[in-house]
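Student: I would like to learn how to read a helix and its surroundings in a model. Please take me through one case.

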Amino acid sequence: MTTTEIKTNDRTTALATTVRSNPATARLDFAKTAPKVFRAVIGLDAAAREGLDPTLVELVQIRASHLNRCAYCLHMHTTDARKAGESEDRLHMVAVWQEADHFFTDRERSALALTDAVTRIGDAGVPDEVYDRAAAHFDEEELAHLLALIFTINTWNRIALSTAKRAGTDER
């Protein structure tokens, strides 16, 4: 066990974090240990994607993975985005999309803003202006699917982080 200190607002807060002595040691295999739950998340993921632009899907998944610090999912979704023809410039700008808005359409920016709000829901909820901006670019069914996509990638991030999935070991 080690203690990590984080400085915030001129105060230092000590956070206890567990450091695994052998990062190659696997935690449980979620898919094998809880196959019914795993299949349910896969089903939610597939249903959420229906009717959404595949490029937008990857941008949302990349952004949530940035925010959640999920290297496993970030690696997977940037790889998938490249295979789908996404440019390196746009992939590099997802993390700073607010400052690089000219790289993304209004529709994409509204989806990224909603992704930020839903992923960080504990910070300020989902502000009306963020929701309304997304609602202006997506019809109700698309918006419901976009929200489900954001819920799903946050779930995948939590599965990957909790089970210590390693970036670059995508087993799909």
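Student: Why does the end-to-end distance of H6 agree with its number of residues?

Tutor: The expected span of a helix is 1.5 Å times one less than its number of residues. H6 has 14 residues and should therefore span 20 Å, and its end C-alpha atoms are 20 Å apart, which agrees. Helices (H or I, at least four residues) and strands (E, at least two) are DSSP runs, numbered from the N terminus. Two notes on the source: this is a predicted model, in which local features need pLDDT of at least 70 and side-chain atom pairs count only at pLDDT 80 or more, while totals for chains, interfaces and linings use all residues. Residues are numbered from 1 along each chain as its sequence is written, and side-chain values use heavy atoms, with hydrogens and water left out.

Student: What is the overall pattern of the protein chain?

Tutor: The protein chain has nine helices and two strands, in the order β-β-α-α-α-α-α-α-α-α-α along the sequence. Contact means heavy atoms within 4.5 Å. Of the contacts with a separation of 6 or more, 62% are between residues 24 or more positions apart.

Student: How many residues of H6 are buried?

Tutor: Buried means under 20% relative accessible area, exposed over 50%, and partly exposed in between (1.4 Å probe, protein chains only). In H6, 12 of the 14 residues are buried, including Ala-111, Leu-114 and Val-118. What covers them includes H3, H5, H7, H8 and H9. For the protein chain of 172 residues, the buried share is 35%.

Student: How do H6 and H8 pack?

Tutor: Two packed helices are described by the angle between their axes and the distance between the axes. Axes are lines fitted to C-alpha atoms, for helices over the stretch in contact, and angles run from 0 to 180 degrees between N-to-C directions. For H6 and H8 the angle is about 145 degrees and the axes are 9 Å apart. The contact involves Asp-106, Arg-107, Arg-109, Ser-110, Ala-113, Leu-114 and Ala-117 of H6, and Val-130, Arg-133, Ala-134 and His-137 of H8.

Student: Which residues have the most contacts inside the largest nonpolar core?

Tutor: In soluble globular proteins, nonpolar side chains tend to be buried together. A nonpolar core is a set of buried Ala, Val, Leu, Ile, Met, Phe, Trp, Tyr and Cys residues joined through side-chain atoms within 4.5 Å. The largest one here has 27 residues, and Val-60, Leu-114 and Leu-146 have the most contacts inside it. The elements giving two or more residues to this core are H3, H6, H8 and H9. Beyond four places in sequence, Leu-146 touches Leu-52, Val-60, Ala-111, Leu-114 and Phe-138. A second, separate core of 10 residues includes Tyr-72, Ile-153, Trp-156 and Ile-159.

Student: Is Val-94 buried or exposed?

Tutor: Val-94 is buried because its relative accessible area is 0%. Val-94 lies in the loop between H5 and H6. Outside four places in sequence, Val-94 is in contact with Leu-59, Ile-62, Arg-63, His-66 and Phe-104.

Student: What is the phi of Arg-69?

Tutor: Most residues other than glycine have a negative phi. Arg-69 is not a glycine, yet has a positive phi of about 60 degrees. Arg-69 is in the loop between H3 and H4 and is exposed, at 72% relative accessible area.
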